[in-house]
Amino acid sequence: MTATMLTFASPPQSDSAGKVAEACSKKGFATIGINIQGPDDVIDFGRFDTQSCIDLANAIEICVDSKGFEVPSLAGAFDVMREKGIQITFANFVKALTSVMKPKVP
Amino acid sequence: MKRRWLVLILLLAAIPFTVEAQDCSGKPRFSINAVTGKSAVAFPGDVPASLHEGDKMTLAIGGQTYPATVHLTEVFGVKIAELTTDPINNGVSSGFSSGDITLKPASGNVIELCPLTPLNYSMHAGPTITPANDNAAGDPTGVMRFQYQKGLVRSIEVNHDPTLIPAMRNVREELSISIDTTDRQTTTDKKFVDDNRIAGAIHSPEYTFGPAMTNGLPFFNRVRAGIEGQIARAMHSENRNRDFTIVVDGWLPFLQSINLLSAGRTVTLPLAFHLSAGHRHQDVDGNESGGRVADASLIYHFYVFDHYAVDLTAKTLLNDVSDRPASTPRTQHSYKAQVSYKQDALSKFSVVASFENGHSGPVFTKLKQFFLGVGAQQLLGIPAGK
């Protein structure tokens, strides 16, 4: 019981951030109509439009905020990825998102 | 005549102005986090040399300025500058036009930014009166050119659910007036500029709705409707035209991008649709014409053999305008398939073939032949390529 409470009181930050990043990335892609099935799915940003980049960014920003984290504004980065025709696996997308997430400052 | 202009201008000045969609290609993008309100600039290449970690700069949005502190970082391999500023007021910002966001370093060149986050603004240019250019082959003596623009872009929150993205919460209004005319000396000279327009548009929020498909996503994704209208009129003649259009677009996630004969799975936006229908009326030198115009298009992407992407576009155009040329059919169909190739899983696609025709049959036949060739190459062990 004590161990459980301690674990709860000080959760491993990176693991928690990783799970939030994965859930919020899936939710973000679902918001723009993309069904992610696994970590090896390759996301082709080159066929996105700018509005979809903005919507994806906003959906992820809102989701991570609701889980106690914050990220920089992502729309610009996604639109640059669209312009460059970037492709990224879902697993790497989640890693990249995790790396820029910070606990929200109250 | 001049008094008539002035009266008209004063009347029209009350009506605001329309913006063209931004093309941010090659430019630094400015965006604002949907929750925190913090802004960032994403650079398509390297960060400008005048920008350093911790720099104090000035972010200028229209007539408003914000002291900003720069934090340089990298997001998804893209270099960005996070800006720490006072909260950005996205009320209607006076004097703001589409290219009017800048970041001013303490020294060095001003960096112009391209806004991705929809920002509200009103714009007012003119009135300006200048001698008209005489390249119109008319007699320029004493001819003056008058230009005036006024516009307003505004997002209105109609759904206050904070869990929705801003595009699903806001209605967007755009209104504009543009006067560009010349005080011509003769009524027979048609070569001087006389282009005056009032335009407006209103777009609904995006809606995702409908029964959930087997993939768990609703049938309709981010469907948006809008009404767009424009009236153009020459001041020195009765020539005029009017266009009114209703537009609906969105995505249909039941048809996700598929991967044929592929080991991996590449995903992108699902089937997209765009519908527009409207009425056009023209009056040129007393000859009136008009009628219904409409178009519908579908866009779909799929992947083949792990290395190829195909972009399919089907478009139908209805032109029921009374004076259309005899060679222009009332209904036109066009089908296009564009094939792109990438060297390996994560490299960029490049276009290698494009097939276009007014009928779907020839396009699909060409596409089939192309991939039969690619399949034969693979069976024979010839490396995939162009």
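User: What makes the link of Cys24(B) and Cys114(B) left-handed?

Analyst: The value about its S-S bond is -75 degrees, and with that the link is left-handed. The model is predicted: local features need pLDDT of at least 70 and side-chain atom pairs count only at pLDDT 80 or more, while totals for chains, interfaces and linings use all residues. Side-chain values use heavy atoms, without hydrogens and water, residues are numbered from 1 along each chain as its sequence is written, and chains are lettered from A and ligands numbered from 1 in the order in which they are written.

User: Why is the pair Cys24(B) and Cys114(B) called a disulfide?

Analyst: A disulfide is a pair of cysteine sulfur atoms within 2.5 Å. The sulfur atoms of Cys24(B) and Cys114(B) are 2.0 Å apart, so the pair qualifies.

User: How do you know that Cys24(A) and Cys63(A) form a disulfide, and which hand does it have?

Analyst: Their sulfur atoms lie 2.1 Å apart. The torsion about the S-S bond is about -75 degrees, so this disulfide is left-handed. Cys24(A) is in helix α2 (residues 13–31) and Cys63(A) in helix α3 (residues 50–66), both of chain A, so the pair ties together parts 39 residues apart in sequence. Helices here are DSSP runs of H or I with at least four residues, strands runs of E with at least two, numbered from the N terminus.

User: Why is Cys53(A) called buried?

Analyst: Buried means under 20% relative accessible area, exposed over 50%, and partly exposed in between (1.4 Å probe, protein chains only). Cys53(A) has 1% relative accessibility and therefore counts as buried.
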